[in-house]
Amino acid sequence: MPELIETLDDASFDEYITSNPKPVLVDFWASWCGPCKTIVPILEEIAAEYSDRVSIGKLNIDESLSTPQRFSIMSIPTLLLFQKGDLMLRIVGAKSKRQLLAYLQPYL
């Protein structure tokens, strides 16, 4: 079974967000970030339940430095939603599944 959440880096980021036919939600995170860890199961649930409507990727800000800088990521977790490469939505901080789906609903 393929991974539901794609691991991204500076090299793969642009192609992933521009070539994907579905909206793409990217989680900017780090291994030392407690709130980042709390949203992982929520993102996995959304990835499984909405796999036909949204793609989810994750980018470690400690391993890939230029992409977070490009999008002015100042705190994590930060979730960015793209449609055909265009930034549509920015969500900062850990949110519940209900809150995330409320933000995402107009794009699904």
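**View 1. Strand E4 and its partner E5.** Strand E4 is joined by 6 bridges to strand E5 (residues 86–92), and the two run antiparallel. Here, helices (H or I, at least four residues) and strands (E, at least two) are DSSP runs numbered from the N terminus, and two strands count as paired if DSSP finds at least two bridges between them. Leucine 79 faces isoleucine 91 of E5. The hairpin of E4 and E5 has 2 residues between the strands, and in it lysine 84 adopts a positive phi near 50°. The model is predicted: local features need pLDDT of at least 70, side-chain atom pairs count only at pLDDT 80 or more, and totals for chains, interfaces and linings use all residues. Residues are numbered from 1 along each chain as its sequence is written, and side-chain values use heavy atoms, with hydrogens and water left out.

**View 2. Strand E4 and its partner E2.** Over 5 bridges, strand E2 (residues 24–29) pairs with E4 in the antiparallel sense. Valine 24 lies opposite phenylalanine 82 of E4. Of the 6 residues of E4 (residues 78–83), 5 are buried, so the strand is largely enclosed by the rest of the structure. Buried denotes under 20% relative accessible area, exposed over 50%, and partly exposed in between (1.4 Å probe, protein chains only).

**View 3. The disulfide of cysteine 33 and cysteine 36.** The sulfur atoms of cysteine 33 and cysteine 36 are 2.4 Å apart and form a disulfide, defined as a pair of cysteine sulfur atoms within 2.5 Å. A search of the whole structure returns 1 disulfide. The torsion about the S-S bond of cysteine 33 and cysteine 36 is about 80°, so the disulfide is right-handed. Cysteine 33 and cysteine 36 are both buried.
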